[in-house]
Each structure stands twice: as structure tokens, then as C-alpha cells.
Amino acid sequence: LALSACGGDSEGSSSSTSSSAESSASSSEGSESPSESASESPSESESAEGESGGEGSVTASKSGVTFDVPDGWTTVDPSALAKDPDKAPQSIKTMAETAGQPVDQFLTQLSQSIDVLVMGEAEDGFSPNINVIPSPQALTESDLKASLAQQSATVSGTEEVDTDSGKATVATYTMSAGSQTVHGQMIAVPSDSGAAVITVSTIDKDETAEVAKTITDSVTKAS
């Protein structure tokens with residue numbers, strides 16, 4: 001899911017968005033309802049607010065994978081936040097506003113497609129993020145290109161990368177987000193149930209490549 005609707009963490013931040021999560025989620029066929037996001041460290045376990053932070057690994061239970069995330073990025077559980085939307089971070093509220101939806105409705109919609117959402121600190125009005133969607137089948141380079149095309153993204157290249165979970169398929173792309181350009185990588189990692197589709201989105205090409213490498217270097221099948 002190529003999220004380009006991630007605004008800043010302060011009320012004064014401008015939103016950099018061009019596509020809603022609803023249109024993006026609809027392009028991922030076979031996506032299942034999300035599960036609880038877990039972590040190997042107590043600081044990243046699911047909280048009552050649906051939000052956690054710190055350094056360590058994230059487990060996408062429905063997708064069946066575990067991987068490392070950057071220091072200081074926050075794991076968000078849309079399902080938990082939908083029950084108490086007042087506790088949603090400003091970046092989520094900005095995304096909902098841009099999509100023209102109440103926060104609780106937006107979070108419920110996210111929870112129907114996204115397994116895990118991890119967000120970094122906003123920069124220039126955009127929050128870098130990682131999200132995971134389960135796929136019931138393995139995905140090819142053509143599948144990733146087709147999905148991204150539906151989200152108005154421009155694919156610049158694809159490759160296969162060896163991981164501890166098997167051979168992952170990676171598509172590198174750009175997407176317009178208002179006046180900014182989002183640099184993303186969509187990574188389809190083999191899982192016992194099909195594939196985990198892990199998408200990294202930032203406004204810095206090098207940062208996206210670094211985060212994506214952290215993921216492919218660390219991703220394993222969840223036990």
C-alpha cells in the first residue's frame with residue numbers, strides 16, 4: 001500500500017498528500033483484515049492507545065513476518081486507535097482530513113487493509129512510513145507493477161533480493177504527494193500463507209533505500 005497521505009505531527013504542519021488510503025487499499029487484491037502488531041521488546045508491544053515506539057523488531061502476524069524498523073519510528077495499530085480516535089497522532093488526523101473522512105472512519109478503513117503501520121518523525125510535512133499488507137499468494141514483479149500503476153506511481157525498477165524468508169521481489173517507485181515526490185519501495189516477501197507486502201515511503205530516495213535494506217536484511221517468517 002503506497003501511502004502518500006502522511007502529514008506532519010504538529011497542528012501547523014502542511015499535509016503532503018495526493019491519494020487516499022481507500023483508493024490505494026483497493027488495488028491490493030486478496031488483502032485480509034489486520035491482526036495485532038507485536039514486537040520483541042516491551043517498548044514496541046501494542047498499547048491501549050494503539051501506538052508504540054522505540055527500537056527493535058515488528059511482527060506482522062497476519063502477514064507472517066518479523067522485521068527490524070528504524071530507531072524512533074512508531075508502530076500504530078489502526079484497529080485500537082479506531083476505538084479511541086482522540087488518541088490518534090496528528091499525522092493520522094491529517095491523513096483523515098485529507099481523505100475527507102472522520103478520524104475513526106479513516107482508521108477503521110485502514111484496519112481493514114493494513115496489518116501493521118510504522119511511522120517516522122515528520123519532515124517537511126511528510127511522515128515516512130512502513131506498512132504491511134498480507135497477500136494470499138506469492139507476487140511477481142508484474143503484480144507489483146500493476147498494483148503501483150493503479151496507485152498512479154511510476155516504477156523505476158524491480159529486482160529480486162534474497163532474504164531469510166525466501167526470495168523477495170522489490171519494486172522501486174516514485175509518487176506525487178502535493179508539491180513533493182514520495183520515494184518508495186514495495187517488497188513482496190514470501191510467507192507461509194502467500195506473501196507479506198511491505199511498503200516503505202519517504203521523501204528521500206536514500207532514506208527509502210536504507211530502510212528497505214534494513215527490512216530485507218532482517219525479515220524472517222514469524223514464529
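Which residues form a negative surface patch? The legends below start with that patch and then visit other parts of this predicted model.

**View 1. A negative patch on the surface.** Glu 121, Glu 123, Asp 124, Asp 204, Asp 206 and Glu 210 form this negative patch. Take a moment to find Glu 121, which sits in the loop between strand 6 (116-119) and strand 7 (129-135). Glu 121 counts as exposed because its relative accessibility is 67%, and exposed means over 50%.

**View 2. The whole protein, for orientation.** Here you can look for six helices and 12 strands. The protein has 223 residues, and buried residues make up 52% of them. Among contacts between residues at least 6 apart in sequence, 58% join residues at least 24 apart. The accessible surface comes to about 9300 Å², with 42% belonging to carbon and sulfur atoms.

View 3. Thr 169 belongs to strand 9 (residues 166-177). With a relative accessibility of 6%, Thr 169 counts as buried, since buried means under 20%. Leaving aside neighbours within four places in sequence, Thr 169 is in contact with several residues, including Leu 139, Thr 140, Leu 144, Glu 159, Met 186 and Ala 188.

**View 4. Leu 148 and Tyr 173.** Leu 148 is part of helix 5 (residues 141-150). Its relative accessibility is 0%, so Leu 148 counts as buried. Leu 148 and Tyr 173 are 25 residues apart along the chain, and their C-alpha atoms are separated by 8.0 Å.

**View 5. Asp 162 with Lys 167.** Side chains of opposite charge can pair when their charged atoms come close. The count for this protein comes to four salt bridges. One of them joins Asp 162 and Lys 167, with the closest N and O atoms 2.7 Å apart. Asp 162 counts as exposed at 60% relative accessibility, while Lys 167 counts as partly exposed at 45%.

**View 6. Lys 221 with Asp 192.** In this salt bridge, the closest N and O atoms of Lys 221 and Asp 192 are 3.3 Å apart. Lys 221 lies in strand 12 (residues 220-221) and Asp 192 in the loop between strand 10 (180-191) and strand 11 (194-202), so the pair ties together parts that are 29 residues apart in sequence. Lys 221 is partly exposed, at 38% relative accessible area, and Asp 192 is exposed, at 70%.

**View 7. Lys 213 with Asp 217.** Our last stop is a salt bridge between the side chains of Lys 213 and Asp 217, at 2.7 Å from N to O. Both residues lie in helix 6 (residues 205-218), four residues apart, about one turn of the helix. Lys 213 and Asp 217 are both exposed.

Terms used. Residues are numbered from 1 along each chain as its sequence is written. This is a predicted model: local features need pLDDT of at least 70, side-chain atom pairs count only at pLDDT 80 or more; totals for chains, interfaces and linings use all residues. Side-chain values use heavy atoms; hydrogens and water are left out. Patches are made of residues with over 30% relative accessible area and no salt bridge: like charges are joined within 9 Å, nonpolar side chains (Val, Leu, Ile, Met, Phe, Trp, Tyr) within 5 Å. Accessible areas come from the Shrake-Rupley method with a 1.4 Å probe; for residues, only the protein chains shown count as cover. Lys and Arg count as positive and Asp and Glu as negative; His and the chain ends are not counted. The place of a charge is taken as NZ of Lys, CZ of Arg, CG of Asp or CD of Glu. Helices (H or I, at least four residues) and strands (E, at least two) are DSSP runs, numbered from the N terminus. Buried means under 20% relative accessible area, exposed over 50%, partly exposed in between (1.4 Å probe, protein chains only). Contact means heavy atoms within 4.5 Å.
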